[in-house]
Amino acid sequence: QVQLDESGGGLVQAGGSLRLSCAASGRSFSSYAMGWFRQAPGKEREFVAAVSRSGLTTSYSDSVKGRFTISRNNAKNTVYLQMNSLKPEDTAVYYCASAAAPMTSWYTGRTPSEYAYWGQGTQVTVSS
């Protein structure tokens with residue numbers, strides 16, 4: 001059974017930083033791309049960032065590009081999201097996700113339908 005456990009969320013002032021972690025278990029972590037998505041109240045779940053299974057390719061939404069960095073440690077079965085220069089509009093529940101199928105080493109999925117497994121989410125609140 002695949003399990004994804006997020007941690008690192010919390011309350012931070014605008015301009016601050018947080019680092020989210022997602023520990024994975026249940027299948028070969030290094031075989032699958034990983035992604036982060038977020039969902040604010042009353043809004044649809046949106047793509048934030050993704051990293052290929054090799055870790056060599058990353059993809060970001062325009063709203064976080066230059067502020068957030070996704071990375072992974074395949075030896076630790078963990079994916080990270082470093083969030084800097086946080087803004088109130090970054091407030092949301094953040095979810096990590098594991099891709100539905102093993103793809104090429106440079107593949108990064110940007111849509112929820114490309115991911116099969118999801119964590120329970122961690123709340124990030126940015127105050128102004």
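Modeller: Read along the sequence, the protein chain follows the pattern β-β-β-β-β-β-β-β-β-β-β. This is a predicted model, in which local features need pLDDT of at least 70 and side-chain atom pairs count only at pLDDT 80 or more, while totals for chains, interfaces and linings use all residues. Residues are numbered from 1 along each chain as its sequence is written, and side-chain values use heavy atoms, with hydrogens and water left out.

Colleague: How many helices and strands does the protein chain have?

Modeller: There are 0 helices and 11 strands; helices (H or I, at least four residues) and strands (E, at least two) are DSSP runs, numbered from the N terminus.

Colleague: What radius of gyration would a compact globule with 128 residues have, and what does the protein chain have?

Modeller: A globule with 128 residues would be near 14 Å, and the protein chain has 13 Å, which agrees. The radius is taken over C-alpha atoms, and the rule is 2.2 Å times the number of residues to the power 0.38.

Colleague: What makes a residue buried, and what percentage of the 128 residues is buried?

Modeller: Buried means under 20% relative accessible area (1.4 Å probe, protein chains only); 44% of the 128 residues are buried.

Colleague: Which residues touch the most other members of the largest nonpolar core?

Modeller: Trp36, Leu81, Met83 and Tyr94 do, in a core of 26 residues. Such a core is a set of buried Ala, Val, Leu, Ile, Met, Phe, Trp, Tyr and Cys residues joined through side-chain atoms within 4.5 Å. Strand E3 gives the largest share, 4 residues.

How values were computed
Buried < 20%, exposed > 50% of the residue type's maximum accessible area, 1.4 Å probe, protein only.
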